[in-house]
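User: I would like to learn how to read a protein model feature by feature. Can you take me through one?

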Amino acid sequence: MLNSLSYKTDQLLNQLDRVKQTGQGKWLARCPAHDDKSPSLAIKEVEDRILLHCFAGCGVAEILNAVGLHMDDLFPDRVADPYDPAPRMPKFSAYELFPLLVQEAIILALACNDFMAYGVLANADYLRAQQACQCVMRLHAEVSR
Ligand SMILES: [Zn+2]
């Protein structure tokens, strides 16, 4: 049982793209469950579990499915207890989400610049800007929970 949490985390990170460590036990990576151009998946080790959050809106089950892991893999050290309800997921701190916010803000700023310069946005840019808006709103919801 020696650190099966880091074993599981490694197993997860090995399957992800563009993994970037953002602190002790914290990473950002491309989400495997959607066509993620820039990393929008936050991964974090908290005590006995791994937290996952895709800021483009993918569910944890979809993300796990995409890398062939299961919900149990996120709680490797947890002793099975049928009477114990699933633990409440602690939220991510604003500090941890800051790189994501900056990334989405840059996308919005570029789209805004283009729009002001040309009065129009290419369809792909429009869709990405729309996604950035949703991501910012989700980040807001996450830190004001
Ligand atoms: Zn996703």
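Analyst: We will go from confidence and fold to the metal site, the salt bridges, the surface and the backbone. Keep in mind that this is a predicted model.

User: How do I read confidence here, and what is the average pLDDT of the chain?

Analyst: pLDDT is the predictor's confidence in each residue, from 0 to 100. The chain averages 87. At least 70 is reached by 89% of the residues. By element, confidence is highest in β2, at 96. It is lowest in helix α4 (residues 123-143), at a mean of 90.

User: How much of the chain counts as buried?

Analyst: Burial is read from relative accessible area: under 20% is buried, over 50% is exposed, and partly exposed is in between. The chain has 145 residues, and 34% of them count as buried.

User: Now the metal. Which residues coordinate the zinc ion?

Analyst: Start with the donor atoms. The zinc ion is held by the SG atoms of Cys31, Cys54 and Cys58 and by ND1 of His34. The distances are 2.0 to 2.3 Å. Then take the spacing in sequence: C-x2-H-x19-C-x3-C.

User: What geometry does the site of the zinc ion have?

Analyst: Check the angles among the donors. Four donors count as tetrahedral if all angles lie between 85 and 135 degrees. Here the four donor atoms give angles of 102 to 118°, and the site is tetrahedral.

User: On to salt bridges. How many are found in the whole structure?

Analyst: The search finds seven. For each pair, read the N to O distance, then the places of the partners. Asp17 and Arg30 form one, with the closest N and O atoms 3.4 Å apart. This pair links distant parts of the chain: Asp17 is in strand β1 (residues 17-23) and Arg30 in strand β2, 13 residues apart. Both ends are partly exposed, Asp17 at 43% and Arg30 at 27%.

User: How far apart are the closest N and O atoms of Asp35 and Lys37?

Analyst: They are 2.7 Å apart, in a salt bridge. Asp35 and Lys37 are both exposed.

User: And where do Arg128 and Glu104 lie?

Analyst: First, their side chains meet in a salt bridge of 3.0 Å, N to O. Arg128 is in helix α4 and Glu104 in helix α3, 24 residues apart, so the pair links distant parts of the chain. Why do both count as buried? The cut-off is under 20%. Arg128 has a relative accessible area of 16%. Glu104 has 2%. There is also a network: salt bridges with shared partners join Lys26, Lys44 and Glu96.

User: What about the surface? Which residues form a nonpolar patch?

Analyst: The patch consists of Phe98, Leu101, Val102, Ile106 and Leu110, with about 440 Å² of accessible area together. Take Val102 as an example. Val102 sits in helix α3 (residues 94-118). Its relative accessible area is 33%, so Val102 is partly exposed.

User: Last, the backbone. What is the phi of Arg18?

Analyst: Arg18 has a positive phi of about 50° and is not a glycine. Arg18 is in strand β1. Glu47 also has a positive phi, near 50°. Glu47 lies in the loop between β3 and β4. With a relative accessible area of 73%, Glu47 is exposed.

Key: Residues numbered from 1 in each chain as written. Predicted model: local features only at pLDDT ≥ 70, side-chain atom pairs only at ≥ 80, totals over all residues. Heavy atoms only, no water. Patch = residues over 30% accessible without salt bridge, like charges linked within 9 Å, V, L, I, M, F, W, Y side chains within 5 Å. Areas by Shrake-Rupley, 256 points an atom, 1.4 Å probe, with all protein chains shown as cover. Salt bridge = Lys/Arg side-chain N within 4 Å of Asp/Glu carboxyl O. Helix = DSSP H or I, 4+ residues; strand = E, 2+ residues; numbered from the N terminus. Buried < 20%, exposed > 50% of the residue type's maximum accessible area, 1.4 Å probe, protein only. Donors = N, O, S within 2.8 Å, 3.2 Å for Na, K, Ca; no water. Tetrahedral: all angles 85-135°; square planar, octahedral: opposite > 155°, others 65-115°.
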